[in-house]
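Dear colleague,

I am handing over the structure below, together with notes on what was found in it. Please read the two together.

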Amino acid sequence: MLDIGKLDLSQYLKTPSKQTLDIETFTDNIKYGIWGISYFQKLTIKQIILDKDNQASVIYDGKQYILEFPNIQAKFDIQDNNNKDINLRILNLVFKKIGIQTDGSIVYSTQTRKLGFNLIISPLDAQNDKLYLQGITNLKVLNLKAKTSQIKNIGFLKPYLEKISDADLQAWIFEKIKFSDIRINSADMRVVLNKEDFLPSLIQSAKLEINIKNPQIYLENNLKPITATQAVLKLQKEKIFIALENPVYDNMQLDGSDIVLSNLLESPKLDINIVSKQAFYQPSLRDLLSAYDIELPIDTLQSPANVHLNLSLQFLQNSDPIISVKGLIHTQKTNFSLYKIPLQTQEANISLDITPEYKYVYIRTQNTKYQNIANMDTDITLDLDKKNLQAHTTIHKLQINTNNDINTQPYKESSKPISQTTQNENTLKNSKDKNPTKTSQEELKPSNQPSTEQGYQTTPSIPIQKSPHEVIKRKIIDALKAQVKNKFTKDIFYATSDNLPTLDFSVDFSNPDFISLVIPEFQIQAIIQNNLYTIKADNLNKFYPYSPLMQYLAIKNGDITADTHDFENINFSIHLSNLNLPIYEKNAQKLTEISLTGTANKDGISAYSTDKNILLATKEDQQQITFKNLDFNLDEFLKSDIPAIKEMLADSNQAKFTYSQIEEETRFINEKRRYERLHNIAPVMSNIEANNMTITYKNYQIPLDTINFRLRDGRIGVDGTYKNGVLNLDIIHNNIFVRANNFSGDFVNKILKKNIIRGGLYTLIGAYKDDVFNGELKLQNTLFKDFAILQNLINLIDTIPSLIVFKNPNLGIDGYEIQKGSILFAINSKYIGFEHINLIGSSMDINGNGIVELGSDEINMNLTISTIKNLSNILNKIPIVGYLILGDEGKISTNVIVNGTLENPKTQITLAQDAIKAPFNILRRVFTPIDIIVDEIKKEMK
């Protein structure tokens, strides 16, 4: 028996023990405590001084112990069974500081020196949450079993886990996993109670099963939680497995996902396996990856993906956890967006390999398509540490067309480049017949055929008759729709596995202020800097084998640079070199290089050369090109090897149009243009203008002050001027209609490079059809000099005495003066035919016909020469010689045959009818009557 009134331990407790409380000390304390409790029959210590603020007391009356300490309150019975067993029944045991209440019993066998216990532990604020512990120990080895009731909160366990120094691991246990309730179904373990073996034996032997209802797992504080209806936690084989039932992450089913905690003895490792067969690439999934510094270049992924990710956290003492992410995202037949580029793919695999040492993302796709432009397999390596991207692609098709409608249409396989170079086709091609008026009338005719439905004959319907105006309007609308679709179509770039099996490129985004893309194969570099996107292609020759457009235009060398802030307004500069164009500078040097600077936006494209001699502009369906101070060699143009020019000059397969059909079509086109003006519809047209240009043809140089070339409604119009002279050409279905008015002799001299004409005005009207040009040339008030044929005619007159008598004294002094005249002629590939030459001069009139063979310049002409034209006063005074002919108009004329060549003509006088008619007979064999054709042309051109 011991009765102490006051026991002061304050001085003893001021000096804390330097010995750490290990498991061995703890078991010794239990052993000695039990012995001490059982030793006294009665024990009273009324006042135990712990410090100046805290006191305690211990009272044992032989049956019950009552302990009162600042943080412990205890009351229990004790029974000694003949010094064999000590039975301790806990009536009340409260650990105030941690808010825990313990009930149960403890039995210690003095004979076997084993201690058994059966305890119930519950938090004071949730006494329905109970932990049941049952165990037996010899104070060297503990065999323990445990289970719980449904527990709402495990916060009461924190004091028992304070020894876990890793704050991240503690956060995972108490903060990142939340639930509605938790129950330990069973726990069984065998623990060695010494410092070295306690924790290893606990981990190695423990078998634990816990049910968790409605768990919420927060991988990071700013992420949505992974939720489940239930989780089963099992501890076995030194690992903790958490299986989730119906797991969901932001409406994403995660069936098959689990959590594994391993390496429990050293550096615990937490593996979170996220599995989903129907995962949508939504913001929450992107946020999950972003939380671990995984920024994928994928913006959207429409189809669900098969996702298997492993998030691993290795917890280390005194440092942040080591995080690694590995996994695979797999999808098939889906649309997705890569760097905001909309794509579709047959199959895509995204592999993640993220560790503290490196961060790689591998993207592999099959048959990845972009609109109708690209189809390729890709193998991309994304280095998130070095912030670069390496891509290797296998090409199935790369195709970019000038017609964006083709680029943006659904993907189509094509075995060859797409080309349609006929633009602005004639508006009647959409009609089955070339005569719109005739078609309109046929459409108005009612049908006499009965209609049938499901095999039964029905009553004939009465057709709704349309007025001719409505029919024409409908045709105009159809034509307008057709011309919008009928665009110049040529592939800018075309490659397949045959000519470009693979293509590599890289992206460096290590500096966010300077992002670059490089395609070595084509010497392309793209840069993003200060919100400015710049792309450079330093060698266009690299594109030539893959560019039908460059081949079509014979562009082999050059470079291009483009930049933009918003992709709506693009600035560009193009330099083309080694060109072989039929264009010359005024110094007679061929234009082999062109540098253009310009802009492109939604309104169109505008560009100009460095010297401003070339200007280009496009707006909607209108194109405008302007040349200044440049010359054009038509001979080279006609002989050019440039495919675009050769195709332009190739014979057309269009059906031949008669003049009446052309006239009918012209009326329809006029109606269409009137409709466009009325409804403010911009016409589809191309326009080329030139100022101060000289055109070289057949080595003749034709100077023009201005030229205007127009292509509209399938027709070409050309206007040209030189001083007061005006030239008009209309090209309609391979027919060329020509008008030339008010051209001077100076213009002709410049073309012929000879000074043979002085003064005068010239007018030409004609048409080229079926490889023949028929026309009429009119001239007035002009003077011919140094012209071989005329000079020979004058010399011939001088050799005939009787003609000399009638010769005008001024004839031949300054040349041959023509007051007015006209020439009906035709030209084909072999001959120039003159059906009627009628020249009226002040001293001599010339009338006749003939033919000139091109190439050899051989002449065969019959001319009637009149040197005096009014004999009314002197007719009786003049002897008439046989070779002089008196005409009806009082003219005296002579028949002259001209042979030889243009440079060396031979003239002779003849009355032989065969000789006179010979040129005309040849003319008729070669040409259709020219006068009839010219009359038709004049009617057409009115």
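An open sheet is built from 5 strands in the order 11-14-15-18-19, with antiparallel pairing; strands here are DSSP runs of E with at least two residues, helices are runs of H or I with at least four, and both are numbered from the N terminus, while two strands pair if DSSP finds at least two bridges between them. At the edges of this sheet lie strand 11 (177-178) and strand 19 (252-253), each of which pairs on one side only. Strand 11 is joined to strand 14 (residues 216-217) by 2 bridges in the antiparallel sense, and within that pairing K178 stands opposite Q216 of strand 14.

This is a predicted model, in which local features need pLDDT of at least 70 and side-chain atom pairs count only at pLDDT 80 or more, whereas totals for chains, interfaces and linings use all residues. Residues are numbered from 1 along each chain as its sequence is written, and side-chain values use heavy atoms, with hydrogens and water left out.

Further along, strand 44 (residues 630-633) pairs with two other strands: it runs antiparallel to strand 39 (residues 583-585), to which 3 bridges join it, and parallel to strand 45 (residues 685-697), to which 2 bridges join it.

A cavity is a set of points, on a 1 Å grid over the protein atoms alone, where a 1.4 Å probe fits but cannot get out, and lining residues have an atom within 4 Å of a point; grid points are joined across faces, edges and corners, and a volume is the space filled by probe spheres set on the points. The largest cavity holds about 70 Å³, and its lining consists of I274, L288, L289, Y292, I294, L309, L311 and V325. Helix 5 (283-290) and strand 23 are the elements that give two or more residues to this lining, which has 8 nonpolar residues and no polar or charged ones.

Strand 23 (residues 305-314) also contains Q314, whose side chain reaches the backbone oxygen of S267 at 2.7 Å. Leaving aside residues up to four places away in sequence, Q314 touches N263, S267, P268, K269, P321 and I322, where contact means heavy atoms within 4.5 Å.

With best regards

Key: Polar contact = N/O pair within 3.5 Å; in protein donor to acceptor, adjacent residues only side chain to side chain. 1 Å grid on protein atoms, 1.4 Å probe; cavity = no way out; pocket = protein on both sides within 12 Å on 5 of 7 lines; lining within 4 Å. Nonpolar A, V, L, I, M, F, W, Y, C, P; charged D, E, K, R; others polar.
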